[in-house]
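Dear colleague,

Please read the notes beside the model itself.

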Amino acid sequence: HHQKYAESSYELYYLSYVDQKEEYAKFQDLVQDALENENFKLYLQPKVELSTGKVTGAEALVRWIDPQRGMLPLAEFLPSLEENGSIRDVDRYLFDKACSYIERWHKNYNQDFVISFNLSEAYYNGPYFMPEYKETYKKYQFPEELIRIELLESIVLNDLEKLKPLVDEIYDFGFSCALDDFGSGFSSFDILINVKLSELKIDRSLFQDYHNEKERLVIKGIVDVAHNLGMKVVAEGIEIKEYVDYLTEIGCDYIQGFYFYKPMPIDEFEKIFVLK
Ligand code: C2E
Ligand code: MG
Ligand code: MG
Ligand code: MG
């Protein structure tokens, strides 16, 4: 092992580089171990259709449950997973797992749910996303339309030249797309105008103060814009009944929020919504 005394700035740089490499390798090992031991868990957060009160879909969310330390905070590991690219292994693993459940529900129980997956930055920046997801999907048998890909504005922003062909490929294959976290700071209308999207997810930061009339008018405006463009609207992070009532009144399509359901292990989702 290297000695931690630097004699020059170059050496200092080199030592921190070695440290980083070691950290990187350690983290990589941790992730691979966790994958092998199935410590990454697939959670689903149900989406409630407001016109019927039914759950017709859900969003796939990762949870890392360490046998010793319990559930690790997402904010602590997700950025590292993105940084070293191993989020791709985790996402692919969770996508495969989800597909196996979607197929089972479809075949054995005649029950279809649209499941949404977050497109990670690492996947977006490289060429492997659709090739790998197509390959995984093809192992199973259920309609393509049950898969939805959530695009984060902060990732795909200002990059229509790259985004458009990817979205076209997603739709050509039969999957669909949602724009995630709309209103969280970017809200670029050029994406709404130029990219094919089935669903707009309004970020929970827009649901701050129900009593603020301007806030309510902005929410209504977004719902109207999305509907005029032929999109469905999901309100994210809804925790109180006042918003449920208001969103129902203005014709918002879905709510995904703790008021109805928190994210739950996929087996629990199956028990509640499929086996019933
Ligand atoms: P997101 O895609 O916007 O997911 C929705 C987040 O809002 C989830 O946080 C969910 O637990 C939270 N949420 C939903 N309803 C409520 C509510 O009523 N109150 C509050 N306080 N929170 C609510 P989570 O699971 O911590 O995920 C955070 C972000 O991390 C996600 O935001 C997504 O961008 C990313 N992420 C999560 N799981 C995955 C994954 O498996 N793969 C990738 N690539 N990214 C993921
Ligand atoms: Mg999402
Ligand atoms: Mg979101
Ligand atoms: Mg978010």
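Ser-176 has its place in strand β6, where strands (E, at least two residues) and helices (H or I, at least four) are DSSP runs numbered from the N terminus. This is a predicted model, in which local features need pLDDT of at least 70 and side-chain atom pairs count only at pLDDT 80 or more, while totals for chains, interfaces and linings use all residues. Residues are numbered from 1 along each chain as its sequence is written, chains are lettered from A and ligands numbered from 1 in the order in which they are written, and side-chain values use heavy atoms, with hydrogens and water left out.

With a relative accessible area of 8%, Ser-176 is buried (buried means under 20% relative accessible area, exposed over 50%, and partly exposed in between, with a 1.4 Å probe and protein chains only). Leaving aside residues up to four places away in sequence, Ser-176 touches Ile-147, Arg-148, Ile-149, Ile-170, Tyr-171 and Ser-198, contact meaning heavy atoms within 4.5 Å.

Ile-87, which is found in helix α3, is likewise buried, with a relative accessible area of 2%. Its contacts, again not counting residues up to four places away in sequence, are Leu-78, Leu-81, Glu-82, Ser-120 and Ala-122. Ile-87 and Glu-121 are 34 residues apart in sequence, and their C-alpha atoms are 8.8 Å apart in space.

**The magnesium ions**

Which residues coordinate the magnesium ion (ligand 2)? They are Glu-59 (OE), Asn-118 (OD1), Glu-150 (OE) and Asp-180 (OD), at 2.0 to 2.2 Å, where donors are N, O and S atoms within 2.8 Å of the metal (3.2 Å for Na, K and Ca), and sites may look incomplete because water is not among the atoms. Along the chain, these donors follow the spacing E-x58-N-x31-E-x29-D. Asn-118 lies in strand β4 (residues 114-118) and Glu-150 in strand β5 (residues 147-152), so this pair ties together parts that are 32 residues apart in sequence. Asn-118 is partly exposed, with a relative accessible area of 29%, whereas Glu-150 is buried at 1%.

Asp-180 in strand β6 (residues 176-182) and Glu-236 in strand β8 (residues 232-236) link distant parts of the chain, 56 residues apart. Both Asp-180 and Glu-236 are buried. Asp-180 also bridges the magnesium ion (ligand 3) and the magnesium ion (ligand 2), which lie 4.0 Å apart.

**A helix pair**

The axes of helix α9 (residues 213-228) and helix α10 (residues 241-249) come within 11 Å and cross at roughly 45°; axes are lines fitted to C-alpha atoms, for helices over the stretch in contact, and angles run from 0 to 180 degrees between N-to-C directions. The two helices are therefore oblique to each other (under 35 degrees counts as roughly parallel, over 145 as roughly antiparallel, 65 to 115 as roughly perpendicular, and the rest as oblique). From α9, Glu-215, Arg-216, Leu-217, Ile-219 and Lys-220 meet Tyr-243, Tyr-246 and Leu-247 of α10.
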